[in-house]
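Colleague: I would like a close look at one residue in this model, and then at the contacts and pairs elsewhere in the chain. Please keep it plain and define the terms as you go.

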Amino acid sequence: MNESPADAVAREVREEAGFRVRPYKLAAVWDRARHPHGVAQPFHVWRLFFLCEITGGEPETGPETSEVAFFGEHELPVELSIRRVLLPQIQRMFEHMRQPDLPTEFD
């Protein structure tokens, strides 16, 4: 409530992973219902994907995380929580990192 999307992502990263970040690009806005996330929800969800720069902090778990780790594009865990994010979405974010001039994507 009363928080911009960029401020919310910075807060969430700090709370769930221990890092302070500066969101610098809104890479995608995707409608959860238009992607195969599994069970339909009784409410509407838009997924906003930001690229962020780490400005401080250190890896730290939170109430919603049991581990904090970084993975290379070809080292991603086999099992993902598809209710939250899909492999093609993560792969697309790597593409945005490689090509910073890509426009924001949306459904």
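What is the relative accessibility of Arg98, and does Arg98 count as buried, partly exposed or exposed?

Modeller: Arg98 has a relative accessibility of 46%, so Arg98 counts as partly exposed (buried is under 20% relative accessible area, exposed is over 50%, and partly exposed is in between, with a 1.4 Å probe and protein chains only). This is a predicted model, in which local features need pLDDT of at least 70 and side-chain atom pairs count only at pLDDT 80 or more, while totals for chains, interfaces and linings use all residues. Residues are numbered from 1 along each chain as its sequence is written, and side-chain values use heavy atoms, leaving out hydrogens and water.

Arg98 forms a salt bridge with Glu95, with 2.7 Å between the closest N and O atoms. The term salt bridge stands for a side-chain nitrogen of Lys or Arg within 4 Å of a carboxyl oxygen of Asp or Glu. Both partners, Arg98 and Glu95, lie in helix H2 (residues 87-98), three residues apart, which is about one turn of the helix. Helices (H or I, at least four residues) and strands (E, at least two) are DSSP runs, numbered from the N terminus.

The structure holds eight salt bridges. One of them joins the side chains of Arg11 and Glu3, at 2.8 Å from N to O. Arg11 is partly exposed at 23%, and Glu3 is partly exposed at 34%. Glu3 and Arg11 also belong to a network of salt bridges, together with Glu12 and Glu15. Another salt bridge links the side chains of Asp31 and Arg34, at 3.7 Å from N to O. Here Asp31 counts as buried at 5%, whereas Arg34 is exposed at 59%.

Trp46 lies in strand S2 (residues 46-57) and is partly exposed, with a relative accessible area of 45%.

Trp30 is one of six residues in the largest nonpolar core, with Ala27, Ala28, Phe49, Leu51 and Met93 as the others. Strand S1 (19-31) and S2 each supply at least two residues of this core, and S1 gives the most, with three. A nonpolar core is a set of buried Ala, Val, Leu, Ile, Met, Phe, Trp, Tyr and Cys residues joined through side-chain atoms within 4.5 Å. In soluble globular proteins, nonpolar side chains tend to be buried together. Phe49 touches residues including Ala27, Ala28, Trp30 and Met93, not counting those up to four places away in sequence.

Two aromatic pairs are found in the whole structure. Phe19 and Phe70 form a tilted one, with 5.5 Å centre to centre and 55° between the planes. Rings of Phe, Tyr and Trp (its six-membered ring) pair if their centres lie within 6.5 Å, and planes under 30 degrees apart count as stacked, over 60 as edge-to-face and the rest as tilted. Phe19 lies in strand S1 and Phe70 in the loop between S2 and H2, so this pair ties together parts that are 51 residues apart in sequence. Phe19 counts as buried at 9%, but Phe70 counts as exposed at 62%.

Technical notes. Contact means heavy atoms within 4.5 Å.
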